Amino acid sequence: MSEADQQMRKSGQWDSSIDVANTQRMKEIVEQMGWPTRSKVGGHASEMAWLLVQHADLDHDFQRMCLELMQAQAAGEVSPGNIAYLEDRVRVGERRLQLYGTQFFVDETGILGPKPIEDADHVDERRQAVGLQPLSDYARDMEQSYQQDQKR
């Protein structure tokens, strides 16, 4: 599922049916086993479960539920950085300010930047606490990736 997700996103040919199918399957998995933690499914599968939920933007309620499940896990069972990314994704989906600056957009002039951040003066402290690089470094990486995508 994660391979199909990434292939579609990298191809430049958007196919929302992939997200719909992956979200449905993730709902079944989460209903059967709870959140797929590292000890239940291994590190890679746990990361891929997060990725698929991160991209389940057509079902904000499911994203919020998974965020709560992830937050309830014992230390070491899920990546704190993944929790931060999903927290921001849920907040942006609810039209609230993000906390970690993980969600970006391109403005009307073509400039890439983070969507609005709550208490932006302390974003790097929050990012550091969950193992994320400083926002300025992340923004530079996002800009490079965006420029590469534009050349395709």
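Predicted model: local features only at pLDDT ≥ 70, side-chain atom pairs only at ≥ 80, totals over all residues.
Local features need pLDDT of at least 70 and side-chain atom pairs count only at pLDDT 80 or more, while totals for chains, interfaces and linings use all residues. Residues are numbered from 1 along each chain as its sequence is written, and side-chain values use heavy atoms, without hydrogens and water.

Trainee: Which pattern does the protein chain follow along the sequence?

Mentor: Helices (H or I, at least four residues) and strands (E, at least two) are DSSP runs, numbered from the N terminus. The chain has eight helices and two strands. Read along the sequence, their pattern is α-α-α-α-α-α-β-β-α-α.

Trainee: At what angle do helix 2 and helix 5 pack?

Mentor: Contact means heavy atoms within 4.5 Å. Thr 23, Met 26, Lys 27 and Val 30 of helix 2 meet Phe 62, Met 65, Cys 66 and Leu 69 of helix 5. Axes are lines fitted to C-alpha atoms over the stretch in contact, and angles run from 0 to 180 degrees between N-to-C directions. For residues 16-33 and 60-71, the axes are 12 Å apart and the angle is about 40 degrees.

Trainee: Is Tyr 100 buried or exposed?

Mentor: Tyr 100 lies in the loop between helix 6 (80-93) and strand 1 (104-106). Not counting residues up to four places away in sequence, Tyr 100 touches Ala 84, Glu 87, Asp 88, Val 123, Arg 126, Arg 127, Val 130 and Leu 132. Buried means under 20% relative accessible area, exposed over 50% and partly exposed in between, with a 1.4 Å probe and protein chains only. Since its relative accessible area is 15%, Tyr 100 is buried.
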